Amino acid sequence: MPSKVPDDDGGYSSYRSTPAPGISFFTPQQTLPCGTAILDEENGITEDTISPVFKPLKIRNTVFQNRIFLAPMCLYSCKDGMLSDFHVAHYGQYAIRGVPLITIEATAVVPWGLNTPQDSGLWSDEQIPPLKRVVDVIHSQSQHAAIQLQHAGRKSGVTPPWLGLKTVPEEYGGCGATVKGPSPNPWNENYSTPKEMTEAEIWEVIEAFGAAAARAVKAGIKIIAVHGAHGYLIHSFASPASNKRTDKWGGSFENRVRFGIEIIRCIRRNIPADCLLFWKISAVDWLPPGEGWELEDTIRYAPILHKEGVDFLDVSSGGNDRNQKVQISPAYQVPFAEAVKKSTPGLVVGAVGWIRDGKTVEEILRSGKADAISIAREFLRDPNFVHRVANEVGTKVSWVDQYHRAPIYGKNVESTTSITADIKVDSGVTQSHEKQLQNKVA
Ligand SMILES: Cc1cc2nc3c(=O)[nH]c(=O)nc-3n(C[C@H](O)[C@H](O)[C@H](O)COP(=O)(O)O)c2cc1C
């Protein structure tokens, strides 16, 4: 092996693949991100004729090659808030399976905002390098990484769901004494009774969101997501069911949403202007009329969020009150997304919740009820969901180069050892790199 080969500068040649740029390890650059529709204009396959699922989505200057996003999911697997090799493996699997946006789980901006002691955190510079490892893997595959920043509020300091969501004693890393929220009412009897946050603590958390966003940018992230849903701190400030304050942070609609708005402003001050800001909202509390946050509030809030700098609103529901009566059924939250989309032109809207198959994904997008679909549990069941959907809706999409002999459409090769160089080029069994660059099936 010569010490220096002619194309060591990284240029593509017939002999070696271009390295993914800006990544500390070698991996071939995926010029066409995995999960991109393969167009064939001569045969009438264009962006206008393919399924809307695979029509690229552009938000400001960022292009997503398809519209199936990985929803943020807590994995409860960190020590001291640090991501690990486990997270590299977990998030990496989606990067090589064609998921254009991979949102890293709810990540606490202060230690007393951890939902469980083993959640992800970004309150310290020490947490940047392990996050960067995960981000680099995602970017190495030409996919986009986001991180969801959060404070769990009165839901802080409990065990992971599989251990029963019970309060963790302080000697086991719980934060019973420091659990805080807008008002001193607990989520339920398993959770600590929160202390009412002081004005200083409110500003400490707002600033912590900004500081965590700045750290995320240092880790290479260009899309900041915020957890404004599911009864965590931001949602519990917004909803009259949980916010009983009488100062400027409670009472009227304007006062209750002030906390969220100040968080957006602080994040925007701390990130470059071209970074995207995503927000997740619970569209309703599922409480009787007049008792909680309602769809009318969401419709009133969405344009404010947009004006303040939110680019994308993921529309979920519930999680703020133990008396909620969630009416659950397939795609049950889609009508909320549709209502937001209709009422807030210009805001890009995501639908989430009990969406499990390609036909449903396609119908939501084709009918214009949402611009993108966030998937959580179906991605846990099937990390190859993007390719499954592609097959269901009849769109051919790219695979990572390393998996180029596996696509589930087109010709299958019975024996991988029978391929010779000649057959490979001539038979259309595989996609050659050049054809892939031209966005065409070989
Ligand atoms: C294991 C697990 C962890 C979750 N953690 C988060 C989280 O960190 N942030 C969040 O916004 N939602 C979280 N969720 C909710 C999902 O993002 C999603 O809104 C919900 O599961 C409904 O989508 P699905 O029917 O596709 O699972 C979590 C869901 C699951 C199953």
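This is a predicted model: local features need pLDDT of at least 70, side-chain atom pairs count only at pLDDT 80 or more; totals for chains, interfaces and linings use all residues.
Setting aside neighbours within four places in sequence, Leu 365 is in contact with Pro 52, Val 53, Arg 67 and Ala 370. Along the chain, Leu 365 and Pro 52 are 313 residues apart, yet their C-alpha atoms are 6.2 Å apart in space. Leu 365 has 23 other C-beta atoms within 10 Å, and a residue counts as buried if it has 20 or more, so Leu 365 is buried.

Leu 365 sits in helix α8. Which residues of α8 are buried? Here the list for α8, residues 358–366, reads Gly 358, Val 361, Glu 362, Ile 364 and Leu 365. Looking down the axis of α8, these buried residues fall within an arc of 165°, so they line one face of the helix. The buried residues of α8 pack against β3 (68–70), α7 (334–343), β12 (348–352), β13 (372–375) and α10 (385–393). After α8 comes Gly 368, with a positive phi near 75°.

Stepping back, the protein has 12 helices and 13 strands. It has 442 residues, and 48% of them count as buried. Contacts that reach along the chain are worth a look too: among those between residues at least 6 apart in sequence, 71% join residues at least 24 apart.

Next up is strand β9, residues 223–228, where six of the six residues are buried. Ile 223, Ala 225 and His 227 are on one side of β9, Ile 224, Val 226 and Gly 228 are on the other, and both faces are covered. What does β9 pair with? Strand β6 (residues 144–150) runs parallel to β9 and is joined to it by four bridges; here Gln 148 has Ala 225 of β9 as its bridge partner. Strand β10 (residues 276–282) also runs parallel to β9, with six bridges joining the two.

In soluble globular proteins, nonpolar side chains tend to be buried together. The largest nonpolar core in this model has 108 residues, and those touching the most other members are Ile 68, Ala 146, Phe 209, Ile 224, Leu 313, Val 315 and Ile 373. Helix α3 (residues 199–218) gives this core its largest share, eight residues. As for Ala 146, leaving out residues up to four places away in sequence, its contacts are Leu 101, Thr 103, Ile 104, Ile 221, Ile 223, Ile 224, Ala 225 and Phe 278.

Loops can hold buried residues as well. Ser 142 lies in the loop between α2 (128–140) and β6, and Ser 142 is buried, with 20 other C-beta atoms within 10 Å. Not counting residues up to four places away in sequence, Ser 142 touches Gln 30 and Pro 33. Ser 142 and Ile 96 are 46 residues apart in sequence and 9.3 Å apart in space, going from C-alpha to C-alpha.

Which residues come nearest to it? Of the 19 residues around the ligand, these are Ala 71, Met 73, Ala 106, Ala 376 and Arg 377. Strand β4 (101–108) and helix α9 (377–381) each supply at least two residues of this shell. By type, the shell splits into 11 nonpolar, four polar and four charged residues.

Key:
Residues are numbered from 1 along each chain as its sequence is written. A residue is near a molecule or strand if its C-beta atom, placed from the backbone, lies within 6 Å of it. Ala, Val, Leu, Ile, Met, Phe, Trp, Tyr, Cys and Pro count as nonpolar, Asp, Glu, Lys and Arg as charged, and the others, Gly among them, as polar. A residue is buried if 20 or more other C-beta atoms lie within 10 Å of its own, exposed if 12 or fewer, and partly exposed in between; C-beta atoms are placed from the backbone. Two strands pair if DSSP finds at least two bridges between them. The arc is that of the directions from the helix axis to the C-beta atoms. Two residues are in contact if their C-beta atoms, placed from the backbone, lie within 7 Å. A nonpolar core is a set of buried Ala, Val, Leu, Ile, Met, Phe, Trp, Tyr and Cys residues joined through C-beta atoms within 7 Å.
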